[in-house]
Amino acid sequence: MLYFAYGSNMSPKRLLQRVPSAVVVGVATLPGHRLAFHKIGRDGSAKCDAALTNTAADHVHGVIYRIAFGHKARLDAKEGLGCGYEQKTVEVQLRDQGRSSAFLYYATHIDASLRPFTWYREHVLCGARENALPEHYVAAIHAVDAVDDPDPQRHRLETAIYR
């Protein structure tokens, strides 16, 4: 199965903790969408969404992974499928390999007033940098206002994979 990751799962270190079968296929762009940090997370902070705009100039950059069918339910549970995220199939432009269909999770529970925790934004930034996404896109992610997690232990656990 092909999965388009555009948020914290862009980082192979992050996704491999969740789905051991994940293999990077390539970097891709999803037209007609924009990256938004407005999905209501289970921890009360903002998570990423590939928000549909239908505007040709809008693009979400991300990573295509191949995952084993048997691991899909595990990823669904981690992402909260049916509890704030739903799934759809999209057509993306691979950097060097033409077009491809893949599934992604999109937000159904949103609140534009929320901010991501710094550790979550760091997951997204690490994935963007590790996959050499365009510099302007990385800078835009870095510019997203983030807040400290009131649970410092969770912050330490979430960022430990990068040490």
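Helices (H or I, at least four residues) and strands (E, at least two) are taken here as DSSP runs, numbered from the N terminus. The model is predicted, and local features need pLDDT of at least 70, side-chain atom pairs count only at pLDDT 80 or more, and totals for chains, interfaces and linings use all residues. Residues are numbered from 1 along each chain as its sequence is written, and side-chain values use heavy atoms, with hydrogens and water left out.

Most residues other than glycine have a negative phi. Ala-132, in the loop between helix H3 (118-130) and helix H4 (135-142), has instead a positive phi near 55 degrees. Asn-54, likewise not a glycine, has a positive phi of about 60 degrees; its place is the loop that runs between strand E4 (46-52) and strand E5 (59-66). Asn-54 is exposed, at a relative accessible area of 63% (exposed means over 50%, buried under 20%, and partly exposed in between, with a 1.4 Å probe and protein chains only).

Beyond its neighbours within four places in sequence, Ala-28 is in contact with residues including Phe-4, Val-60, Ile-64 and Leu-94, where contact means heavy atoms within 4.5 Å.

The cysteines come last. With a disulfide defined as a pair of cysteine sulfur atoms within 2.5 Å, the count is 0. The sulfur of Cys-48 has its closest cysteine sulfur in Cys-126, and because these lie 13 Å apart, they are too far for a bond. Cys-48 is buried at 1% relative accessible area, and Cys-126 also counts as buried, at 12%.
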